[in-house]
Amino acid sequence: MCGIIGYIGNRKAQDVVLKGLGRLEYRGYDSAGIAVVEGGKINLVKRQGKLRILINELETSPLGGSLGVGHTRWATHGVPSDTNAHPHLDCSGKIAVVHNGIVENYLALRQSLTKEGHKFLSETDTETIAHLIEKFYKGDLEEAVIKALKLIKGSYAIAVIHKDEPETLIGARCDSPLIIGVGSNENFLASDVPAVLDYTKNVIYLENHEVVKLTKDSVRVKDLSGRVTHKKISTVKWDVSQAEKAGYPHFMLKEIYEQGDVVKGILDERLVKDKVVFDELKIKESDLKKIKKIAIVACGTAYHAGLTGKYMLEEYARIPCWVDTSSEFRYRNPMVDSQTLAIIVSQSGETADSLAALREAKKRGAKTLGICNVVGSSIAREADGVIYTHAGPEIAVASTKAYTAQLAIFYLLTLYLARITKATPVSKLNVLTRELTKMPIVMNELITQYRSDYNILAAYAEEFKRYYFEKHNKSYFLYLGRNINYPNALEGALKLKEISYISAEGYPAGEMKHGPIALIDENPWVVCIAVKCKTYDKMLSNIQEIKARGGIVIGVVTEGDKEIQHYNINYLIEIPRCEELFSPLLVVIPLQLLAYYVAKEFGYDIDQPRNLAKSVTVE
Ligand code: M6R
């Protein structure tokens, strides 16, 4: 939620800030702004709407200066507007602040600052930070920021500049991410690594309650008590080209097509002579042997990956498993103890509820394991162990390749734990391992079909749009799955609703008779995942029941399935035959693409759907 950037060096700050904001726009996109120190004053431009609006304006009246901060917003306090957009200034207009997070005690602070004579212009919580810094400023910006932060309750990542200190850029964080990009004769602050990748791969991950003072050739980090802390510089493996569209119309499409290679990369890295290797897993095998239950905790798509993980872990490692959404886990009284392994799944590694759930599990004595994509993210750092998905930057708000990468890690973790628990014969595990290694090839074959000139899913999407308008906008989607593909039904529905704004619900097909079948008439399109598996016949019965009530069925079926031909299915999607356990890796691809093409038909902004942000760093 919200992306911030800061620059100090010899380049034109505007260029660096705007480019960086472009790479952070996935974090929020209802307004954007920039402030620079130029000619002994702060120059500020901020605009409601997408970053493009700000860029257009700056093309005609550019800002100079080589010290600047920028922000792309996802509104929390105050509607999206020019006034509420960041940066925010103090009364004198000498200090500019950009902020990601929430100042929870902002009302009390605002009231007392107002009494002291400060004039507020916006409805935001952030503006209190600018006025607090103003209040404490006595010629040392770093000192004033530290004093201000001591009064703030809540979460923040901030970047601050002062017109009288043109050689200083200050940053600080608490529960919102902030990295330092270390350059040569230039330094950067940013919410995420891709924002600085054009200039440097050397980064420092700031910890909670740390404040950094940057000049163009120095970096000094202190804690809030003023003690200097020594930080390690890490080298990022990501390449800047991975954060670009590379000729694709949307990041989402690029990321869907990358999935076979992502899974291949994971298997190549982790399978050594058919044995699973988790180098970064800092939990000892002897500790894993003591595990009696597994709690998987995550949000959104990562939660669906976790649900799939439960099926495999219970089946092959025979460890009881349950899956919670992080927001529920953190506020109930979860039965977690020292014999529990809590697995926190998060692409960003920064999701506020998942981070809080991790801390809750730790507090209760559980061993904690993060499955994260972003290296050095908060969850990755705070968990006892971490397994990185190394899927490369995922930019589209709708998560796709992170999901299949998480599934791949769950397969490996299952094989790994099953060897430890000895719950499945090694010969069976060897067969499964060999089957798993074939999956990237099969995924890529499937993807190649969709890359061809005639894409059946684009045709179905077009057909749906026609139907939708014919039915006076009453049409919507239901997704049904069973067993290990039930989570895919949830995921397919989530993808569709988040980018096409069409109502969609995922259900375990066996639940139809317990309520949802009442919905069936000619309106909904029902996506039935009916691949060859142990519940195939049950799914066929579901399809019959839907057809008998006039429902329109899209069947996701196994290639070459003759039996399905007798069911009068309206639209067929075929996936290659494979071991049932691994079918989720294939089934999800057409579901993602169907959502993509429906959103495209309706003309929506696929990479940046309304009301959403990629990284939900506030509750
Ligand atoms: O970064 P995380 O994996 O923790 O994010 C979790 C969810 O916010 C995320 O999966 C969200 O549901 C996606 N927009 C789904 O496409």
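**Figure 1. E314 and K310 in helix α9 of the predicted model**. At 24% relative accessibility, E314 counts as partly exposed, a class that lies between buried (under 20% relative accessible area) and exposed (over 50%), computed with a 1.4 Å probe on protein chains only. K310 belongs to the partly exposed class as well, with a relative accessible area of 26%. The two residues form a salt bridge in which the closest N and O atoms are 3.5 Å apart; the term denotes a side-chain nitrogen of Lys or Arg within 4 Å of a carboxyl oxygen of Asp or Glu. Both residues lie in helix α9 (residues 300-317), 4 residues apart, about one turn of the helix. Helices (H or I, at least four residues) and strands (E, at least two) are DSSP runs numbered from the N terminus. Residues are numbered from 1 along each chain as its sequence is written. In this predicted model, local features need pLDDT of at least 70 and side-chain atom pairs count only at pLDDT 80 or more, whereas totals for chains, interfaces and linings use all residues; side-chain values use heavy atoms, with hydrogens and water left out.

**Figure 2. E498 and K495 in helix α16**. A salt bridge connects E498 with K495, with 3.4 Å between the closest N and O atoms. Helix α16 (residues 486-500) holds both partners, which are 3 residues apart, about one turn of the helix. E498 counts as buried at 15% relative accessibility, and K495 is buried at 0%.

**Figure 3. The salt bridge between D82 and R47**. Side chains of opposite charge can pair when their charged atoms come close. The side chains of D82 and R47 meet at 3.7 Å, N to O. D82 lies in the loop between β4 (67-73) and β5, and R47 in strand β3 (residues 41-48), so the pair ties together parts that are 35 residues apart in sequence. D82 is partly exposed at 34% relative accessibility, and R47 is partly exposed at 25%.

**Figure 4. A network of salt bridges**. K19, R23, D198 and E244 are linked in this network. The count of salt bridges comes to 39.

**Figure 5. Strand β7 and its partners**. Of the 9 residues of β7, 8 are buried, so the strand is largely enclosed by the rest of the structure. β6 and β7 run antiparallel and are joined by 9 bridges, with N100 opposite A157 in β7. β7 also pairs in the antiparallel sense with strand β8 (residues 169-174) over 4 bridges, and V160 stands opposite I170 in β8. These two strands, β7 and β8, form a hairpin with 6 residues between them.

Key
Pairing = 2+ DSSP bridges.
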